[in-house]
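Please keep the sequence and the coordinates in view while reading.

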Amino acid sequence: MPEPLIVVREEDRPVVPFPGGATYRTLIGDDNGADIPVRTGIQTSQPGYATREHSHPYVEILTVLSGKGEAWLDGEAGTTPMAPGVTISIPAGRVHGFRALGDEPLVTYGIHTFPKRVVHYKDPPQS
């Protein structure tokens, strides 16, 4: 029997709040993607939001759907502008971060090239 087509509608997926002003909707993940070798989702980062610097033991790919921001790799000078239509590929194991710039949310579509989300934070959370 061939594999069935899996259809996911963003509006049907739960919204998970992130500390500091972002939300995340897993599109393909733990609950609906058991046999799929990637994890995907949409993050909406409010103006001024910045991720904590972190890494993943796999490649992460981000495509900007709307808004503006910047991304960086720890230990490298400068930042990479993020704007609609820009896709960045973050190497496995590299500490990185990104932030929303301007006065509208930064919306990114992310692909984690592993079926489970694994995050290693550079520093402990600030209290």
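Begin with V16, which stands opposite Y24 in β2. The model is predicted, so local features are reported only at pLDDT of at least 70 and side-chain atom pairs only at pLDDT 80 or more, whereas totals for chains, interfaces and linings use all residues. Residues are numbered from 1 along each chain as its sequence is written, and side-chain values use heavy atoms, with hydrogens and water left out. Strands here are DSSP runs of E with at least two residues, numbered from the N terminus, and two strands pair if DSSP finds at least two bridges between them.

Strand β1 (residues 16–18) runs antiparallel to β2, and three bridges join them. Their hairpin has three residues between the strands, and G20 takes a positive phi near 100° there. On β2 (residues 22–28), five of the seven residues are buried, where buried means under 20% relative accessible area, exposed over 50%, and partly exposed in between, with a 1.4 Å probe and protein chains only. Strand β2 also pairs with β3 (residues 39–45), in the antiparallel sense over six bridges; in this pairing I28 stands opposite T40.

V7 counts as exposed because its relative accessible area is 54%.

The interior comes next. A nonpolar core is a set of buried Ala, Val, Leu, Ile, Met, Phe, Trp, Tyr and Cys residues joined through side-chain atoms within 4.5 Å. The largest one in this model has nine residues: L62, V64, A71, M82, I88, I90, F98, A100 and L106. Two or more of its residues come from each of β5 (60–66), β8 (87–90) and β9 (96–101). In soluble globular proteins, nonpolar side chains tend to be buried together. Contact means heavy atoms within 4.5 Å, and beyond four places in sequence F98 touches, among others, L62, A71, M82 and L106, as well as Q43, Y49 and W72.

A83 is placed in the loop between β7 (80–82) and β8. With a relative accessible area of 25%, A83 is therefore partly exposed. H120 lies 26 Å from A83, C-alpha to C-alpha, at a separation of 37 residues in sequence.

Where is open space found? A pocket is an open set of points on a 1 Å grid over the protein atoms alone where a 1.4 Å probe fits, with protein on both sides within 12 Å along at least five of seven lines; its lining residues have an atom within 4 Å of a point. The largest pocket holds about 390 Å³ of space, a volume being the space filled by probe spheres set on the points, which are joined across faces, edges and corners. Of its 21 lining residues, F18, Y49, T51, R117 and Y121 are the closest to its centre. Strands β3, β5 and β10 (106–112) each give two or more residues to this lining, and β10 supplies the largest share, four residues.

The second largest pocket has a volume of about 190 Å³. Its lining comprises 15 residues, with A71, W72, L73, T80 and I88 nearest its centre. Two or more lining residues come from each of β6 (68–73), β8 and β9.
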